[in-house]
Amino acid sequence: MKKVSVSFTLNGDSVTAEVPVTWTLLKTLREYFELTGAKEGCGVGECGACTVIMDGEAINSCLCPIPEVEGRSVTTIEGLADEDGTLHPLQEAFLKNNGVQCGFCTSGMIMSSKALLDHNPDPTEDEIRTSIAGNFCRCTGYVQIVESVKMAAKDGK
Amino acid sequence: MEEKMPDHLFVGKSIPRTIEADKVTGKAVYIDDLKRPGMLYGKILYSKHAHAKIKKIDTSKAEKLEGVRAVLTGQDIPDVRVGFLKDQTVLKKDVVRQYRDEVAAVAAISPEIAAEAADLIKVEYEKLPAVFDPFEAMKQESQLVHELDARGRPLKSNILPLPWKFEAGDMEQARKDSTYISKDTVSTTWVNQCCMGTSGCIAEFDQNNNLTLYDQTNVIFGHIGRITEYFSQIGLRGKKIRVVNPVVGGSFGTKLDTDIYEFIAIQLALKTRKPVKILFDRKEEFRALPPRQPAVFTIEQGCDKEGRLTFRHCEAILDNGAYTSWGATTPSVMIMPMSSLYRVPNVYFKATCVYTNNIYAQAMRGYGNPQATFAVETSMDTLAEKAGIDPAEFRLINRNRPGDDTPMKLRITSCGLEECITAVKEKLNWDNKKGKQKGRGVGMASLIHVAGGARVTKSDGHGIMVKLDEYGHVDVIESGTDQGQGSPTVISQIVAEALGVRPEDIFLTFGDTALALWDAGTHASRHTFMAGNAAIGACAKAKRQILEMAVEQMPKIIKSGFKRKKRKDPGFVEPDLDFGLIANPEDMDIRDRMIFPKNDPDHPHFKLPLTQILQNGLHVGIGQSKVVVAEEFYDPPTEMLNWEMKGNLSMTYAFGTCGVEVEVDEQTGEIKILNLVSAHDVGKAMNPTLLLGQIYGAAYTGVGYGLTEEIKVQNGRVMNPSFRDYQMLTAMDVVPIEAVIIEPIDEAGPYGAKGVGEPGLVPTAPAIANAVYDAVGVRITDLPITPEKILTALKERK
């Protein structure tokens, strides 16, 4: 398999990956960098479990061919907490408000929410729901996820 | 004499899920993330037909592909039957009976190579006539799905030899005594559990052929039973099996049975001598995972002129699909709502499961109860209308009450159904909104469910082990599993409360058969109830050990403290202390990490940290060291159902009512839920925030069941195997949900709690159907209630 060398910023570090050209960003994160927080829930961009932030936008990393990541900046769930382990307000809020149950959708859910709050620190419920419209969850009915994002927005102010 | 209980420090509080912080940082290791050294990846090749003879399988190209380590067909492994009625083999050798039949399997060094190899396997089939409609399949002349039963005896019919039948009272007399009778036929369809984490496992043998299975099952010991039986037939009798849970990405019933892919992973691991992982992709999850069982019910109910139910008569036909898993046993749970939801003295229920060439079914949250409750609660509304009684009032007249014995011999202890119905009425402003039509309407439905264990096997036991180290860390080895329901937090609250430590001192291990005592399974909404009671028992024993240690060590610690002080300060005068206060373990207590005499909790000298006692108790000297460890195996005094399907199988029962207000657009058939109230009798809310999460999530899945979700099966084939086409609800489908918590503290429950995992889902769909009827006057009797069905019904009415 033809390999490609891709250099980009990953959670603040400059990195280079040498991976098969057909790999997606999700596969590269999980297999090459062993960052397994982003999940494959469907593999076709429908469920959002693989959501990461690339250049400020939440994207489905399962749909992103690795060559497209050259020179970009990628943040994953692993890059969210402070280096000393202090959790991001979103992470805290999800634990506090029961925004997480089985947890499989949680990484993607939090990353979509983070992209929202980075652009819009004081979102309405509609805006929150729209930002996670592509993130499926079977456990929560979304109610406490939305509450978690609201709380994080409030705490972030 | 009962001692005055101090206020709870942790139970009943909304403690955050900090114990699961790994889930918000990407650190939690799911089966997707787990790798073992040298691990291979398995891939399954499924049938291309609903019913066909396998003429020939050519695996030569697959075997030659670089990176392939094993290719297996039914010819390569022992012909051992598995499943509830032993009606299938792991890989099918001669005949396929459904599209998801496993025909061959590959193990390779990467998932991509495994998939490519599976594609290279050529199978020649000879198509056979198939039957997809259970009513057709029941006919004498129908094509048989199975020619022979598990013992090789010829079968004459597609009807499963499972005569699910329940009778109580005098049906004939009851009909005569009825002033009003209603009759309805309702049906429900296949729905997928839609766990966000797909199915998967890793099978690994050690050199001595002992198996470790990294597996998502919520019945870890049931898995061992089934695999042990399988092993005894493939030459591995007596080998040790260990089942270990990774973090589990949802369960909802999918992980109750041992599925075929798990046996395939075992066979591939055995063949290659390497760990083998099988992980479903989403399409496979929709096509090859047994979903919730579809059913058709014909239900009749009668009542007298005061509106008291006289009888309930119901016959159900269940499309079983080609093989049996737990789906075929869901009628055993349907008997519960059929016989015991509302007071009804005379009951007849019969369920017939029929083999077809469709996909076979499993359990899903509620285990038959959502289907049966849809039938009962549809009928409650139609009968109320015939009797001219408001449906809410009709339900109140017939509500279950504390102290009732139901026809099924369920003993109703605590029961908050009246409060639930009343709360829903109030919150929906029922009396003002009911019967106004014009596109807006309200509806309700209730439920009963087991909430204090469920004796479906001879033991309904649950074990827990509690172990303290000298630093005050508490290891809790839990025999249940955690699939996201919040048990780590709730159990740590209970242990902290019962032991006198803090939730952050608790470290839980779930789902490891090598460490845990036995458990019947984390199913039937039983975990908090069972683990809670077991934990309270184990903690009482551990606490006793600590207090015995304390009465031994405390005087020594205190006296040597005085000696030290005296050495430093010769003028120090030792206080005159009554050591009798701390002479007996019964007189001592532990709370918030401190040990003290009960009669003087703030004694200036006799209040010492738990860790000090633990350290002094351990580091004593030769032959006297002590550690604290205790276990409890809790098996409640419940009954297995007898041959008449009667018996008190749970210590207590959950009740609840869902009320819905809808708006229906008569031009488009679109339904909008304006308000959903879900009221639940939970005994005691152990952690209100987590409890709400269970209710919201279940109600939401119930809305999907009611309005959108359906696996479209056409001639045996799943036509919509993706999230996009399946239409699970998203965050954009806003359902304003309000939960109402009713707490009739249940004597049998830990701190009064009942189970609540499944109840929220059960009454949602019928509540919506009843609200739609109230809004536009058409009754949709087959789920899901789609706009198309509403428009068709509106057209027919005109």
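**Where the chains meet**

Q: Before we go on, what am I looking at, and how is it numbered?

A: This is a predicted model, where local features need pLDDT of at least 70, side-chain atom pairs count only at pLDDT 80 or more, and totals for chains, interfaces and linings use all residues. Residues are numbered from 1 along each chain as its sequence is written, while chains are lettered from A and ligands numbered from 1 in the order in which they are written.

Q: Is α2(A) mostly covered or mostly open?

A: Mostly covered: eight of its eight residues are buried. Buried means 20 or more other C-beta atoms within 10 Å of the residue's own, exposed means 12 or fewer, and partly exposed is in between, with C-beta atoms placed from the backbone. The buried residues include A:Glu92, A:Phe94 and A:Lys96.

Q: What covers them?

A: The cover includes α3 and α5 of chain A together with α1 (22-25) of chain B. Just after α2(A), A:Asn98 has a positive phi of about 60°.

Q: Switching to the sheet in chain A. What's the strand order?

A: β2-β1-β5-β3-β4 (chain A), an open sheet of five strands with mixed pairing. β2 (13-20) and β4 (57-60) of chain A are the edge strands, each pairing on one side only. The twist averages 45° from one strand to the next. Two strands pair if DSSP finds at least two bridges between them.

Q: How does β3 of chain A pair with β4(A)?

A: Antiparallel, over four bridges, with β3 spanning residues 51-54. A:Thr51 has A:Asn60 as its bridge partner in β4(A). Helix α3 (residues 106-119) of chain A lies across β3 and β4 of chain A, running at about 30° to β3(A). Axes here are lines fitted to C-alpha atoms, for helices over the stretch in contact, and angles run from 0 to 180 degrees between N-to-C directions.

Q: Now chain B. What domains does it split into?

A: Domain 1 (18-26 + 461-634), domain 2 (34-128 + 199-279) and domain 3 (295-456 + 640-797); the bounds come from an automatic or database domain assignment. The centres of domain 1 and domain 2 of chain B, taken over C-alpha atoms, are 44 Å apart. Between those two, 14 residues of domain 1 are in contact with 14 residues of domain 2.

Q: Where's the largest nonpolar core best connected?

A: B:Val106, B:Val495, B:Ile768 and B:Val772 have the most contacts inside that core, which has 309 residues. Helix α15 (residues 527-568) of chain B gives the most to it, with 13 residues. A nonpolar core is a set of buried Ala, Val, Leu, Ile, Met, Phe, Trp, Tyr and Cys residues joined through C-beta atoms within 7 Å.

Q: What does B:Val772 touch?

A: Leaving out residues up to four places away in sequence, its contacts include B:Gly441, B:Val662 and B:Ile790.

Q: And B:Leu783, why does that count as buried?

A: Because B:Leu783 has 26 C-beta neighbours inside 10 Å. B:Leu783 sits in the loop between α19 (764-776) and α20 (787-797) of chain B. The C-alpha atoms of B:Leu783 and B:Thr189 are separated by 6.3 Å, though 594 residues apart along the chain. The peptide bond from B:Leu783 to B:Pro784 is cis, with omega near -5°.

Q: Last one: B:Asn715, buried or exposed?

A: B:Asn715 is exposed, with 12 other C-beta atoms within 10 Å. Its phi is near 45°, a positive value in a residue other than glycine.

Key
Contact = placed C-beta atoms within 7 Å. Helix = DSSP H or I, 4+ residues; strand = E, 2+ residues; numbered from the N terminus.
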